[in-house]
Amino acid sequence: MSAPVSPLDPAVAELLRRDPAGLVAAVVQQHDTGEVLMVAWMDDEALHRTLTSGRATYWSRSREEYWVKGETSGHRQWVRDVRLDCDGDALLLLVDQEGPACHTGERSCFHRPLEATRATR
């Protein structure tokens with residue numbers, strides 16, 4: 001049985017270093033402020049959909065399905081740029097976030113400081 005054909009441009013697909021499940025971490029950042037909004041997962045199809053639509057599309061490991069950020073909540077992510085880290089195992093999505101990025105309603109998923117870090121300040 002042959003490996004599935006990637007929907008990505010072969011030059012792009014060749015650069016990715018996927019985990020055993022075929023996924024790459026995607027760090028999502030507000031394009032103009034640098035605020036880190038969330039981390040999600042992408043496979044080749046999710047990245048292809050993101051690059052061709054301009055809307056951030058991810059793979060949900062828990063639901064085992066694709067999801068377009070904001071499709072149900074209205075809190076869309078409009079992709080301005082996608083970058084690949086030096087090892088090829090993480091993506092950086094620079095987006096224009098509409099509303100909160102976190103499913104809890106917070107602007108960023110990184111809104112909870114750890115107590116241990118507060119003591120060292």
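In what order do the four strands of the open sheet sit? The order is β2-β1-β6-β5, and the pairing is mixed. Strands here are DSSP runs of E with at least two residues, helices are runs of H or I with at least four, and both are numbered from the N terminus. Two strands pair if DSSP finds at least two bridges between them.

A quick note on the model: it is predicted, so local features need pLDDT of at least 70 and side-chain atom pairs count only at pLDDT 80 or more, while totals for chains, interfaces and linings use all residues. Residues are numbered from 1 along each chain as its sequence is written, and side-chain values use heavy atoms, with hydrogens and water left out.

Back to the sheet. Strands of a sheet pair through backbone hydrogen bonds, either parallel or antiparallel. Here, β1 and β6 run parallel and are joined by six bridges, with Gln29 opposite Leu94 in β6.

| Strand | Residues |
|---|---|
| β1 | residues 24-30 |
| β6 | residues 90-97 |

Now for the core, meaning buried Ala, Val, Leu, Ile, Met, Phe, Trp, Tyr and Cys residues joined through side-chain atoms within 4.5 Å. The largest nonpolar core has 19 residues, and Val28, Met42, Tyr58, Leu91 and Leu93 touch the most other members. β2 gives the most to this core, with four residues.

Thr50 lies in helix α2. Thr50 counts as buried because its relative accessibility is 1%; the cut-offs are under 20% for buried, over 50% for exposed and partly exposed in between, with a 1.4 Å probe and protein chains only. Leaving out residues up to four places away in sequence, Thr50 touches Met42, Arg55, Ala56, Thr57, Val79 and Leu93, where contact means heavy atoms within 4.5 Å.
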